[in-house]
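Good morning, and thank you for making time for this presentation. Please look at the sequence and the structure first; I shall then take you through selected features.

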Protein chains: 4
Amino acid sequence: MKELLKKCCVEFIGTFFLVLTVGLTACGAHATPMAPIAIGIILAVMIYAGGHISGGHYNPAVSLAAAIRGAMEWKDMIPYWVAQLLGGVVAALAVLHFTTVAPPAENDLCLCCLILFEFLFTFALCYVVLNVATSKGTEGNSFYGFAIGSTVLVGAFASAGICYGAFNPAVALGLLTMATASAKVVGITALTNLVAGIVAGYVFKLTSDD
Amino acid sequence: MKELLKKCCVEFIGTFFLVLTVGLTACGAHATPMAPIAIGIILAVMIYAGGHISGGHYNPAVSLAAAIRGAMEWKDMIPYWVAQLLGGVVAALAVLHFTTVAPPAENDLCLCCLILFEFLFTFALCYVVLNVATSKGTEGNSFYGFAIGSTVLVGAFASAGICYGAFNPAVALGLLTMATASAKVVGITALTNLVAGIVAGYVFKLTSDD
Amino acid sequence: MKELLKKCCVEFIGTFFLVLTVGLTACGAHATPMAPIAIGIILAVMIYAGGHISGGHYNPAVSLAAAIRGAMEWKDMIPYWVAQLLGGVVAALAVLHFTTVAPPAENDLCLCCLILFEFLFTFALCYVVLNVATSKGTEGNSFYGFAIGSTVLVGAFASAGICYGAFNPAVALGLLTMATASAKVVGITALTNLVAGIVAGYVFKLTSDD
Amino acid sequence: MKELLKKCCVEFIGTFFLVLTVGLTACGAHATPMAPIAIGIILAVMIYAGGHISGGHYNPAVSLAAAIRGAMEWKDMIPYWVAQLLGGVVAALAVLHFTTVAPPAENDLCLCCLILFEFLFTFALCYVVLNVATSKGTEGNSFYGFAIGSTVLVGAFASAGICYGAFNPAVALGLLTMATASAKVVGITALTNLVAGIVAGYVFKLTSDD
């Protein structure tokens, strides 16, 4: 298979399982209070399984941060984004096949809090990715998947009562597809995620010697 | 001891503890909502303990995927399957010695959802196994057991309300032995698991350079 | 400091924190359903911290298995056991300083189940220790602490309604010191643990090439 | 960027996310019983992300222990402490922006228990840090972040009903900033943490060959 197509396949598979897990454990009729654990861990698993092929981003904001840092080629960005967003949408449709999902409940949502929180934890996520998966100082480690997935695990626990805790435009699009979040909130979330990815890329450059 | 006998011993021990944990934490009178954590982790543990001897499959579907990928010899398949299924049955009998197990409650079961879900997560499991335990790109890593066990952990959380979340014919046979699942559902589950293992073997060949 | 004294110090510290965690999270007035997680993880942590000095046994049954396998000298056995049991007793006294502990509730206890279960999981524990921490096939790995601690985590979840889930004479002695288990049950438990350690030592020799 | 400034940036970021997680998952209106898991894991994540730059202390007591052991230069101590305490304060202000925090409930607090417990687990934390992150016997491992973060995870579970489970003056200062702990208790906690760091530094020297 062509190299880029392989990479996009892997990005599709990883994002698919990430959003499938989000939908079934956090949004569906059998949602569990341990959803953040399942979500963080499936991300870790998919990074370990696919990282050596595609980098294991599964997240347009992470791909953006990686490109700014010089860890992926800019010309691969659009194919990556398409594969990731497609994975999110297909997974959301699968979720709807398996279960019913609650409609948006966004009355108590403070948009300012949502933006700040999504920014902070997407920044943390990209900062962690760049440091554990692309830095010379941590080369050859076995913890990169655990560290990256766990950032989302913590963010998902901490997001209770503040926002959806997406930290990922592909997850946000999945929530929209499941109709469990409004288009407005999803748009703001996705945009904030991308901005956080950009900031993390530059902060990494300032704090790293690579 | 003869090499193959050693391997089968290790496969028996690993599958035994996997199904024992499934029975006691998920099916018995003292089942806990944290059962998926215990189940995923015992699989990780047994892979770390026995992987260097037998490959640490503990799952006929995984053995099938491994053989397709060329990571195990076809002539060992039947002995492996026997050891794994025997481990599952003996563990189920041990569970019945320790506790009582609820009869099948399959009225709400959608067979189509069951097949799709068992397919998806058994595919994920085998895809993860092949990438983290048999691929050049991840050679020498310390995360393989964590990644593989965690796939089952996530699948078990996500399976709530859909199916038993076996992803493994030996586990399915264990559930049948405990009489907590019907023969029909167990048969469909086991068959689906094997098909998913085959598909994962070929998808790995397409997406990998090895 | 003399080499053996250093090792015994480390064994004392590790067993102390293990039994302290058991007492506070599983036996005290503020016990939590997540106690097995805390207990398994503190064992993992202490193995990572002290394994390179003493081997990180923190368990007379593990020391016995290690000696049979040839991974520790027989002449260190008694000093190790003294340090481990002392760590357990001192930790139990600390627990009683921090909180109140419930008296034994052993009416529903089936001695035959207790013996079988303690045997099975102590065997698993020692089998895992020998394979991940003393075998050539897994040399240089970073998962040994996780794998060993997690075996206890799983055993503790699975032991609900069957027994105390000690898998360790030093933990059993700690439970006796806290007066939350009877002398008879503690004695049977500790003896079973030691037998399981011996069996695991010989099974390792049969299934391993080292 | 100047080397020391880079390090302080990383210490600020790590301590910020640690205290943010403490505040949102353990102190705020949406606190969860799984807070210890989130708190321990965010510490692990931040150590993996920043350890190769600053050492990943995020804790004045850990920095003190590291300096005594010779793993950091004494002249960097004050800049590190400032970055860490500042991270804690800024995170506490962010928490107050996101949620409301309960006032102190310290009536049942036994000061003697608090001091003993904070001492024990801060000692464990620093003992683990020095052994897994600065010792020759564990060089090149991939588990250091997991081991260190997990120590706090266990301590936080075990601290229920005894104290706040800070083990870290920067966390204690964060609790004071959120006004969820009294100045007296925070002061005693922080002082105990520092003493435990000093003791751990010397115990490491006694039990290690480095």
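Predicted model: local features only at pLDDT ≥ 70, side-chain atom pairs only at ≥ 80, totals over all residues.

Which residues line the second largest cavity? They are F157(A), A158(A), A160(A) and I162(A), together with L24(D), G28(D), A29(D), H30(D) and T99(D).

Let me turn to the cavities in general. The whole structure holds 4 cavities of 30 Å³ or more. The largest cavity contains about 740 Å³ of space. It is lined by 45 residues, and those closest to its centre are F146(A), I41(B), F146(B), F146(C) and F146(D). Helices α2 (35–54) and α6 (144–158) of chain A are among the elements that give two or more residues to this lining. By class, the lining of the largest cavity comprises 28 nonpolar, 17 polar and no charged residues.

Now to the arrangement of the chains. Chain A is superposed on chain B by a rotation of 90 degrees with 0.0 Å of shift along the axis, at an RMSD of 0.0 Å. That is the relation of a four-fold axis. Within chain A, the residue that comes closest to the rotation axis is S142(A), with its C-alpha at 4.0 Å.

How do the copies meet, through which surfaces? Only 13% of the interface residues of chain A are also interface residues in chain B, so the copies meet through different surfaces. Chains A and C do not touch, and their nearest C-alpha atoms are 8 Å apart. Likewise, no contact joins chain B and chain D.

Technical notes. Residues numbered from 1 in each chain as written. Chains lettered and ligands numbered in written order. Heavy atoms only, no water. Least-squares fit on C-alpha atoms with pLDDT ≥ 70 in both. Contact = heavy atoms within 4.5 Å. 1 Å grid on protein atoms, 1.4 Å probe; cavity = no way out; pocket = protein on both sides within 12 Å on 5 of 7 lines; lining within 4 Å. Points joined across faces, edges and corners; volume = space filled by probe spheres on them. Helix = DSSP H or I, 4+ residues; strand = E, 2+ residues; numbered from the N terminus. Nonpolar A, V, L, I, M, F, W, Y, C, P; charged D, E, K, R; others polar.
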